[in-house]
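Here are some notes for a first reading of this model. Please keep the structure open while going through the points.

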Amino acid sequence: MTVDPVIRAKNLDLTFETNDGPVHALKDVSLDINKGEFVSFIGPSGCGKTTFLRCIAGLEQPTAGEISVNGMTPDEARRARAYGYVFQAAGLYPWRTIGRNVKLPLEIMGFSKAEQNERMNRVLELVDLAGFEKKFPWQLSGGMQQRASIARALAFDADILLMDEPFGALDEIVRDHLNEQLLKLWARTEKTIGFVTHSIPEAVYLSTKIVVMSPRPGRISDVIDSPLPRERPLDIRDSAEFIEIAHRVRDGLRAGHIDD
Amino acid sequence: MRTAFVTGCARGILMTRLNAIIPALTVVAVIVAFWTLCVIPMNAHLTADQAQREGMVLTPEAPRDRQELSGLSLALKNPAIIPLTYVQTRPRLPSPHQVVQELYDTVIDKKITSKRSLVYHGWVTLSATLLGFVMGTTLGIMLAVGIVYSRTMDKSVMPWAITSQTIPILALAPMIIVMLGAIGIQGLFPKSIISAYLSFFPVVVGMVKGLRSPDAMQLDLLRTYGTNSSQGFWKLRLPSSIPYLFASLKIGISASLVGAIVGELPTGARAGFGARMLVGDQYGQPMVTWAALFAAAITAAMLVAILSLIERQTLRRMGMGAA
């Protein structure tokens, strides 16, 4: 029995009308993402990786092509709360405590008070922030704030987690730590994750599938299925396999540039 | 040990307070000193005239010759009149101690039910100020919400709001008072209208900016939750606008007070700070005018201070105050 992919994009095209004329952000993008996959989108700025993620989320409308999320249009999927979205900045509300920030989507979606508290405690535990619910965002480090924003995206139990360069603004040590935690979280929750990054090691370390994209117009230049095991200690990054995949990603990125 | 620690803390707090107050006090001291010096030349001529009537010998002797001299040189030629410039009953410029004396008499000594009590007049102006402030703030917030949520209102209301503030209020105030008087509305309400007219504007400008302050990412986040626009307003836009609102309220409340006083001036109101300023002017009692002026300034300062206090409390409770 074959299972339908969770996210299916077919010949997706998107052109932005700007003051400097049309910008071809996505051209002929086709991709299937299966349940439980960890998919990274990597490429230089302007390659459309964020735009593609936003199309999946229904935050942008493609000008041509088809895209479905859980068999629905992205807009329907959004209204069905099919995914949690994590932005580059934590974007916590400064006037809400960490706990109330995590509860924000739950309040909007009308969960009961008791359920809100139960879920908040559960997801804060999941991101190692148990006991911080009464703190305000400014009392937390950047890495902790980003973890809180991941907890917020997990709170309403969406099966899909879309992350747009969530660790881009953090230093490397914090980033390594969060990557490790993210893998553990993925293993525990079995979510399907779409992850935008511009770091090759991050993409290779995290993903089961790496989508290499190139700019002007934004398109997919390579899709790499990672042979690495799902269980990944940090030192896997020194293994020959890891280096080989990283090499292939780098080649893909370079090939995209030669086309310019 | 513990007592020493507590005293140490108390001293620390006192020192921080002093450090905050000393610069302000220095400015006040400089202004008072300058004012005190100005009293001499400003009052020199009338003091000299009066001193001569009482038998003092002056140089030059003829009042007309004295008019040729500046106040300063007249005082320098006749040092004996200098102390007298500070105790005139109808000075051109009252000295600081005379104003303080008048304030003390009319604020503390007089019963507040007396028609000569500045507390009574202050309340008359303050009640119009507060009513106008509430009306102006309400109107301002409503307009701002309309402007942020409706493109039509954005295009149509904002230019008029700006235009409204270019009309000199001194020209407009008598018209409002007279027109409302013609249909039988008098007293508090017309003055409040003028207060509201002046105070809605900073609130509109501040709140429009505040309600629009959430960035694209924060708005996108709400979209991913399928948020409707009223949830977006209560959960994101309104809380984001609170710091902007307080900045506007502080400008608005002082504008309201000015509005209420201006509303009292053109129609010869019987009560209020404006009425006292007018009375002092018309009956040659400069101390009355100056006392009313200072009382109005102190009232405005207190209103702003109260708002600052509420601001600090609110922002701290919202987790946005300084640590």
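1. Contact between the chains. The model is predicted. In the contact of the two chains, 15 residues come from chain B and 18 residues from chain A. On the side of chain B that touches chain A, α9 (216–224) and α10 (229–264) of chain B each supply at least two residues.

2. Domains of chain A. Chain A is divided into domain 1, made of 7–82 + 159–258, and domain 2, made of 95–157. Their C-alpha centres are 25 Å apart. Where the two domains of chain A meet, 10 residues of domain 1 are in contact with nine residues of domain 2. Helix α6 (residues 172–189) of chain A gives four residues to the domain 1 side, the largest share. That side of domain 1 of chain A has eight nonpolar, one polar and one charged residues.

3. Domains of chain B. Chain B also has a division, into domain 1 (2–90) and domain 2 (118–317). Between the C-alpha centres of these two domains of chain B there are 36 Å.

4. The three-stranded sheet of chain A. Strands of a sheet pair through backbone hydrogen bonds, either parallel or antiparallel. In this open sheet of chain A the order is β2-β1-β4, and the pairing is antiparallel. Which strands stand at the edges? They are β2 (21–33) and β4 (64–69) of chain A; each has a single partner strand, so one side of each has no neighbour in the sheet. From one strand to the next, the twist averages 30 degrees. Strand β1 (residues 7–18) of chain A is joined to β4(A) by five bridges, and the two run antiparallel. To find this pairing in the model, look at A:Asp13, which stands opposite A:Ala64 in β4(A).

5. The six-stranded sheet of chain A. Another open sheet of chain A has six strands in the order β5-β6-β7-β3-β8-β9, with mixed pairing. Its edge strands, β5 (83–86) and β9 of chain A, each pair on one side only. Neighbouring strands in this sheet are turned against each other by 15 degrees on average, direction ignored. Within the sheet, strand β3 (residues 38–42) of chain A and β8(A) run parallel and are joined by four bridges. A:Val39 has A:Lys209 in β8(A) as its bridge partner. Helix α1 (residues 49–56) of chain A packs on this sheet and touches β3, β6, β7 (192–197) and β8 of chain A. The direction of α1(A) makes about 150 degrees with that of β7(A).

6. A right-handed helix pair in chain B. Two packed helices are described by the angle between their axes and the distance between the axes. Helix α7 (residues 169–182) and helix α8 (residues 188–211) of chain B pack at about 145 degrees, with their axes 9 Å apart. The crossing of α7(B) past α8(B) is right-handed. Among the residues that make the contact are B:Ile176 and B:Leu180 of α7(B), and B:Ile193 and B:Leu198 of α8(B). By class, the contact has nine nonpolar, no polar and no charged residues.

7. A left-handed helix pair in chain B. The axes of helix α11 (residues 273–282) and helix α12 (residues 286–317) of chain B come within 7 Å and cross at roughly 155 degrees. Therefore α11(B) is roughly antiparallel to α12(B). The crossing of these two helices, α11(B) and α12(B), is left-handed. Residues that meet here include B:Phe273 and B:Met277 in α11(B), and B:Ala292 and B:Leu293 in α12(B). The contact of α11(B) with α12(B) has nine nonpolar, two polar and two charged residues.

8. Backbone details. A cis peptide bond, with omega about -10 degrees, joins A:Arg216 and A:Pro217. A:Pro217 lies in the loop between β8 (209–214) and β9 (219–225) of chain A. In chain B, a cis peptide bond joins B:Thr59 and B:Pro60, with omega about -15 degrees. B:Pro60 is in the loop between α1 (2–53) and α2 (63–68) of chain B. A:Glu165 has phi near 40 degrees, a positive value in a residue other than glycine. The place of A:Glu165 is the loop between β6 (160–164) and α6 of chain A.

How values were computed
Residues are numbered from 1 along each chain as its sequence is written. Chains are lettered from A and ligands numbered from 1 in the order in which they are written. This is a predicted model: local features need pLDDT of at least 70, side-chain atom pairs count only at pLDDT 80 or more; totals for chains, interfaces and linings use all residues. Domain bounds come from an automatic or database domain assignment. Two residues are in contact if their C-beta atoms, placed from the backbone, lie within 7 Å. Ala, Val, Leu, Ile, Met, Phe, Trp, Tyr, Cys and Pro count as nonpolar, Asp, Glu, Lys and Arg as charged, and the others, Gly among them, as polar. Two strands pair if DSSP finds at least two bridges between them. Axes are lines fitted to C-alpha atoms, for helices over the stretch in contact, and angles run from 0 to 180 degrees between N-to-C directions. A crossing is left-handed if the near helix is turned anticlockwise from the far one by less than a right angle, and right-handed if clockwise. Angles under 35 degrees count as roughly parallel, over 145 as roughly antiparallel, 65 to 115 as roughly perpendicular and the rest as oblique.
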